[in-house]
Amino acid sequence: GDVAGTIEDADVALAAIKLADNDWYAIAAVDRTQAQVQKIADWVEADQKLFVTASADANIVDTTVGADSSTIAAYLKDNSYVRSACLYSATAASNYPDAAWLGRCLPLDAGSITWAYKTLSGITPDTLTATQRTNAINKYCNVYETVAGVSITQFGTTGGNEYIDITRGVDWLRATMQADIYTRLVQQDKIPYTDKGIASIEALVRAALEAGIARNFIASITSITLPAAADVSAANKAARLLQDVEFAAVLAGAIHTIEVQGVVTV
């Protein structure tokens, strides 16, 4: 941003934006200056947002993963960032495939869509050699190519080799549980520190997980455990603190590659 003739670094601007209004989740930056893109990635990793950037840096596709210490793709990989994803695109310097990708995927429910195999409106696909594609993918950098007549993103990963839909889905699940539990605290005149009161919190955790099943993010609920009121320490009861609320669930995941084998005989 430009304030009183001074230009802020991206992380400083984001911190100010968060203070003013934190009701947002994903970032696409117009600036391709690598130092600023790295500052955004650093900030996002610490603040539970999602960042998608695009780069036309030829070194992403033209150098091997072992030889690359300069590109944004290498930076995200080296830092194992699971909240920032890079998309190589030869037109990224003057075009915004990252914004197109966010626009394609964000309108759908978190966890219900994989970010692979998506066609980006208005974006020109690249023609890469097998070596170039491998170089990018080995850096967990995404590419946009035409495959079998359809332009698609591959393979929907962050720099930390986590799928974007998993990062977003876990964030959604956390936010949903937090919001639902907070709403219960506000709307109820009192949640008693009894087994019945604790069970009402368990119901909220279960409802959030079941919503995750409904949107194909979670496959199954393994367990939900909360303490019995009689087992809670006097100190926690005095502090009105409920701890040891835990769950385990299995992610639904997604199918990205299909292998079919068969035998045809006469």
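Two strands count as paired if DSSP finds at least two bridges between them. Keep that in mind for the first stop. And a reminder: this is a predicted model.

Start with β6, residues 143–147, and β7. They pair in the antiparallel sense, over 5 bridges. Within that pairing, Thr146 stands opposite Ser151 of β7. The two strands make a hairpin, with 2 residues between them. Look at the turn: Ala148 has a positive phi there, about 50°. Now β7 itself, residues 150–154. It is mostly covered, with 4 of its 5 residues buried.

Next, the cores. How many residues does the largest nonpolar core have? It has 22. Ile27, Ile40, Phe51, Ile60, Cys86 and Cys141 have the most contacts inside it. Elements giving two or more residues to this core are α1 (10–20), α2 (34–47), α3, α4 and β5 (84–88). The most comes from α2, with 5 residues.

Take Ile40. Beyond its neighbours within four places in sequence, Ile40 contacts Ala10, Leu14, Ile27, Ala29 and Phe51.

Last stop, Thr63. It sits in the loop between α3 (59–62) and α4 (72–78). Is Thr63 buried or exposed? Its relative accessible area is 19%, so Thr63 is buried, as the cut-off is under 20%. The Thr63 side chain reaches the backbone oxygen of Asn59 at 2.5 Å. Setting aside residues up to four places away in sequence, Thr63 touches Asp68, Asn135 and Lys139.

Methods. Residues are numbered from 1 along each chain as its sequence is written. This is a predicted model: local features need pLDDT of at least 70, side-chain atom pairs count only at pLDDT 80 or more; totals for chains, interfaces and linings use all residues. Side-chain values use heavy atoms; hydrogens and water are left out. Buried means under 20% relative accessible area, exposed over 50%, partly exposed in between (1.4 Å probe, protein chains only). A polar contact is a pair of N or O atoms within 3.5 Å; within protein, one must be able to donate a hydrogen and the other to accept it, and residues adjacent in sequence count only if both atoms are side-chain atoms. Contact means heavy atoms within 4.5 Å. A nonpolar core is a set of buried Ala, Val, Leu, Ile, Met, Phe, Trp, Tyr and Cys residues joined through side-chain atoms within 4.5 Å.
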